[in-house]
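Q: I would like to learn how to read side-chain contacts in a model. Can we take aromatic pairs and salt bridges in turn?

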Amino acid sequence: MENAVLSILSRVDLNNLPVVPKVLLDLIRVTQRVEVNFKELANIIGQDASLSSKVLAAANSSYYRQWGEITDLNRVIIVLGLSTVKTIAITRSVQQYFSQMPRANHDSLELIWYRSLTCAHLAHKLAKLTAYPFPEEAYLTGLLHRIGQLVLLDCFPQDYPIFLAQHLDGREGELETQLFGARHNDVGGHMIEKWNLQSFISDAVCHQHQAFDAIADSSQLVKIINLAGQIASIDTADRQDVLDLADRLFGINEPLIEDMLDEVGSLVRQSADDIGITVAHAEGKGLKCLTPVHQREAIRNSLGERIKSMMLSTAVRQQLDASLEMSHLVGVIQKDLSVLFGFQVAAFFLFRSETNDLVGVPGHPEEGFLWSSVIINLSPDHSLLAKCLLHRRIMHSFDACSKSLRSIVDQQICRLLGAEGLMLIPLYEDAQNVGVIAVGISKSDMQTIASKAEFMLIFSREAARALLNLSSSERTTLQKLEEVRENYRLQTKKLVHEASNPLSIIKNYLYLLAQRLGGENANEIRIIQDEMDRVGKLLSSLPNMIDDTPHDESGSVDINALIIDLGNLFQTGMFALRGINIELKLDHAIPTLFISQNKLKQLLINLIKNALEASKPGSKITITTQDNVDFGAGGLIEIRVEDEGPGLPQEVLRQLYAPVVSRKGKNHAGLGLTICKCLIDELKGMIRCDSSAATGTVFHVFLPRVPSNLTEKCNGELSCF
């Protein structure tokens, strides 16, 4: 049975199961408003099983796992966000509008919809009546309880409508298995199980037709859906059997069931009227679809007009153009690949004209050391990725022309994506090569992929255009940064000359002070002398730093000891004056690292000073270190600098590391974080900022874990990991 279910699911595009057209039309209409009510969105999506399954699967994908498991439609929509829901609505509308659905399938779709919505409302009422703590989950499960029928309808478009005409309510499980290889409830349950929900939703769908003895000891949700489904189709069932089941499961009597049926029936009939569906109840024969053909055609035409006014490329463009950093843009493209086409894993490679190669680009900070080390030369074109871009066509590893994955780098990419094979999508605009998207696929995906090829090309053109625009914007930012550097070059020599005299005087007086005070204050004076020496070195190295000719100052550095010294320096100085406390949480397992101490020290001082300036008297700044932070590319060292300030404004966060005009006063150049970004790049690390008005600001610094005793083996290259 399981093999038959898997076979059916492999033949169907689960992301594109048919949706009642008027529901799609209503969803598009709502998402186009300037102000959108999320509750209204949830109500529209909550009318259709296929649409609900789509958003539920998307919200529980790996991209949104940070929010935890979600089985409530209201929360699903909030987590996905308006732009993602809009993308789903437009894409589903476009694909369904251009698909040719036979008239018989329209009848079947509407009857399945009617039963599903009835079951959903009944499940919601039963959940509240029996004090089930998650009534919205019960509603969603009731809505999805016939999702397997939609799968079989899509898989067997000629034969399954004939079967449904006689056996809509799924009691002929053996006959359904005999004709189609599996029962619809098994297909639906297995489909939902693949979403990895920590819930009994899949069990409830799978066991909806089981007898009382089989479900007596099962979860409450399984019992609710079993009974709701039976009540929903009571017009074709043995009425007394349904009443007996209600009594045995929950002690519910006939008058109460009648009241529920009247109330729910009124709700569902109103919904049917609202979306243009006409269903009649034939005495003892269940439902009959009477929706006029001209009514369906009018809805289809309206849907077409909506689609003409906002093609898929428009929706994609709006999302992609909102990105301000390359890693964020790549992350958005990854998310859209999942939402639009169901691709869960992908890697991005951008073209570099100066070296004629493709280089990996991370979509998330934790991928930074993983993909950026993958470089593929376009000449010779041994890699399938190179062939894809040179020939400018979609390619995959199952194509006979590609001769599988002969290149080692292709095999490595496939392994990193955890996939059976690769599909490559070229990114280009006019004469400009932009890059390649590598998507992990299985052989069973090929039929679905072929049907989406046209949409993939539309999407790839928008992605290429967005990547080019962002690259151009980044070049402009670099030019502005170079102008700032040029201005600093003019001042450097004068600054070094003027500062050397007072520094020499201060050092002489520190020496005399040490002689007078004796040994008990030696450590504090040593710290001050070390800092004065470092100031001198920083000043003398300014021309080299500005001229982009850095020399390697790497050496053995004890990260924790460095932070302790900085903590002492700030605690007895600026922190004490402002009444601010500093707390150190240090991981003493961190080894001595081979790194530039001066650059790291400058980076930390800038971050601590920023935290200090954002803090109010009596608040606290926390510095934390952690060893072996696993981002999939070897262990990293993390340093966190946290303050309890008011957080950073959105306009600052949008251009966090770009040079700006400071609002802090005449002694601030607005370059602190720009310098931090330059320093972290030179240290071959990463920096990330989390900020909100409620929690303050946290800067995360990630450094490659290269212990000093591994220096000779690695020679400072991250590719050794």
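The dialogue below goes through aromatic pairs, then salt bridges, in this predicted model.

Q: How is a pair of aromatic rings described?
A: The distance of the centres and the angle of the planes describe such a pair. The whole structure holds eight aromatic pairs. In one of them, W113 and Y114, the ring centres are 6.2 Å apart and the planes stand at 70°, so this pair is edge-to-face.

Q: Are W113 and Y114 buried or exposed?
A: Buried means under 20% relative accessible area. W113 is at 4% and therefore counts as buried; Y114, at 5%, is buried too.

Q: Which parts of the chain does the pair of F341 and F459 link?
A: F341 and F459 form an edge-to-face pair, with 5.8 Å between centres and 80° between planes. F341 belongs to helix α20 and F459 to helix α25, distant parts of the chain 118 residues apart. F341 is buried at 5% relative accessibility, and F459 is buried at 2%.

Q: How many salt bridges does a search of the whole structure find?
A: It finds 17 salt bridges. In one, D235 meets R115 with the closest N and O atoms 2.8 Å apart. D235 lies in the loop between α15 and α16, R115 in helix α7, 120 residues apart. D235 is partly exposed at 24%, whereas R115 is buried at 2%.

Q: Which residues are linked with R115 and D235 in a network of salt bridges?
A: R146 and D169 are linked with R115 and D235 in that network.

Notes:
Residues numbered from 1 in each chain as written. Heavy atoms only, no water. Phe/Tyr/Trp six-rings, centres within 6.5 Å; stacked < 30°, edge-to-face > 60°. Buried < 20%, exposed > 50% of the residue type's maximum accessible area, 1.4 Å probe, protein only. Helix = DSSP H or I, 4+ residues; strand = E, 2+ residues; numbered from the N terminus. Salt bridge = Lys/Arg side-chain N within 4 Å of Asp/Glu carboxyl O.
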